[in-house]
Amino acid sequence: MIGTGGDNGGMSGPIHLRASVVIPATELSWRFSRSSGPGGQHVNTSSTAAELSFDLAGSPSVPEPLKQRALARLAGRLVNGVITIRAEEHRSQLRNREAARTRLGALLTEATAPPPKTRRPTKPSRGMQERRLENKRRRSDIKRTRSRRYDD
């Protein structure tokens, strides 16, 4: 029913997070089980659901600052520092493996991204404020003259 595998026989390569950070396939562990949902008799006989686990806390390939950032951002999804992705949307085990790898890569890339730059509030220039008020006065005059014309 459930198959396991630390190294998957070279079926999937490493996951690239950044130009300098690569997670080798040896750090990924796979489990396979039967998928739920439609598929007829095929569902009852094959282990197509793929479960990918990655020990983020114990990984030597992720640099410490990125690891700390990812651990903080993914705290709700981690169990003892391990993140698990389950893919069962395809009928083929191979496609589910690829889906799980893609989702893990996207999740880790997002979690290790640098925080956005803090916004520094700016003040509009004096000339800009004056132009804005002048335009408002002009529009106001135009609308006032319109309403007077119809009153007569």
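**Salt bridges, pair by pair**

Reply: The side chains of R144 and D141 form a salt bridge, with an N to O distance of 3.1 Å. A salt bridge here is a side-chain nitrogen of Lys or Arg within 4 Å of a carboxyl oxygen of Asp or Glu. The model is predicted, so local features need pLDDT of at least 70 and side-chain atom pairs count only at pLDDT 80 or more, while totals for chains, interfaces and linings use all residues. Residues are numbered from 1 along each chain as its sequence is written, and side-chain values use heavy atoms, with hydrogens and water left out.

R144 and D141 both lie in helix α4, three residues apart, which is about one turn of the helix. Helices (H or I, at least four residues) and strands (E, at least two) are DSSP runs, numbered from the N terminus. R144 is partly exposed at 39% relative accessibility, and D141 is partly exposed at 37%. The classes are buried for under 20% relative accessible area, exposed for over 50%, and partly exposed in between (1.4 Å probe, protein chains only).

Helix α4 spans residues 126–151 and also holds E134 and R138, four residues apart, a separation of about one helical turn. The side chains of E134 and R138 meet in a salt bridge of 3.7 Å, N to O. E134 is partly exposed, with 34% relative accessible area, and R138 is partly exposed at 45%.

A further pair belongs to helix α2 (residues 64–73), where E64 and K67 sit three residues apart, again about one helical turn. Their side chains form a salt bridge at 4.0 Å, N to O. In this pair E64 is partly exposed, with a relative accessible area of 46%, whereas K67 is buried at 8%.

Salt bridges also link R31, E51, R86 and E88 in a network. S33 lies in strand β4 (residues 28–33) and is buried, with a relative accessible area of 14%.

By the salt-bridge rule, the count comes to ten. As background, side chains of opposite charge can pair when their charged atoms come close.
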